[in-house]
Amino acid sequence: MNNNQITKRLFSLLQPQTVAIILENIANHYGISAVDAKAEVLDDEAESILDYVTGSVRTATSLQMKRLNLA
């Protein structure tokens, strides 16, 4: 699986509220909207979701990915 496929799978397995928190974190860090953040992380050339997320949300996302065998 490539990075955007992993992110799509992650988002499909998480609660919508959790996905919203991740996207808001990315949006705030980059000064973009959550919609643009989602487009960025789901792009065919996207890096790992963990390259975009910051702070405690990054740690929580990493733990979720490990729990779901996506890391």
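The mean positions of the 6 positive and 8 negative charges of the chain lie 14 Å apart. Here Lys and Arg count as positive and Asp and Glu as negative, while His and the chain ends are not counted. Each charge is placed at NZ of Lys, CZ of Arg, CG of Asp or CD of Glu.

This is a predicted model, in which local features need pLDDT of at least 70 and side-chain atom pairs count only at pLDDT 80 or more, while totals for chains, interfaces and linings use all residues. Residues are numbered from 1 along each chain as its sequence is written, and side-chain values use heavy atoms, with hydrogens and water left out.

Start with the fold. The chain has 4 helices and 0 strands. Helices (H or I, at least four residues) and strands (E, at least two) are DSSP runs, numbered from the N terminus. In order, the elements read α-α-α-α. The radius of gyration is 11 Å, close to the 11 Å from the globule rule for 71 residues, so the chain is as compact as a globular protein of that length. That radius is taken over C-alpha atoms, and the rule is 2.2 Å times the number of residues to the power 0.38. The C-alpha atoms fill a box of roughly 30 × 25 × 20 Å along the principal axes.

Now look inside. Of the 71 residues, 34% are buried. Buried means under 20% relative accessible area, exposed over 50%, and partly exposed in between (1.4 Å probe, protein chains only). The largest nonpolar core has 19 residues, and Leu10, Phe11, Ile22, Ile26, Val41, Ile49 and Met65 touch the most other members. H1, helix H2 (16–30), helix H3 (34–42) and helix H4 (55–67) each give two or more residues to this core. The largest share, 5 residues, comes from H2. Such a core is a set of buried Ala, Val, Leu, Ile, Met, Phe, Trp, Tyr and Cys residues joined through side-chain atoms within 4.5 Å.

Take isoleucine 22. Leaving aside neighbours within four places in sequence, isoleucine 22 contacts Phe11, Leu14, Ile49, Val53, Val57 and Thr61. Contact means heavy atoms within 4.5 Å.

Threonine 7 sits in helix H1 (residues 3–13). Its relative accessible area is 1%, so threonine 7 is buried. Not counting residues up to four places away in sequence, threonine 7 touches Val41, Leu42 and Ile49.

Finish at asparagine 69, in the segment after H4. Asparagine 69 is exposed because its relative accessibility is 68%. Asparagine 69 also has a positive phi of about 60°, although it is not a glycine. Most residues other than glycine have a negative phi.
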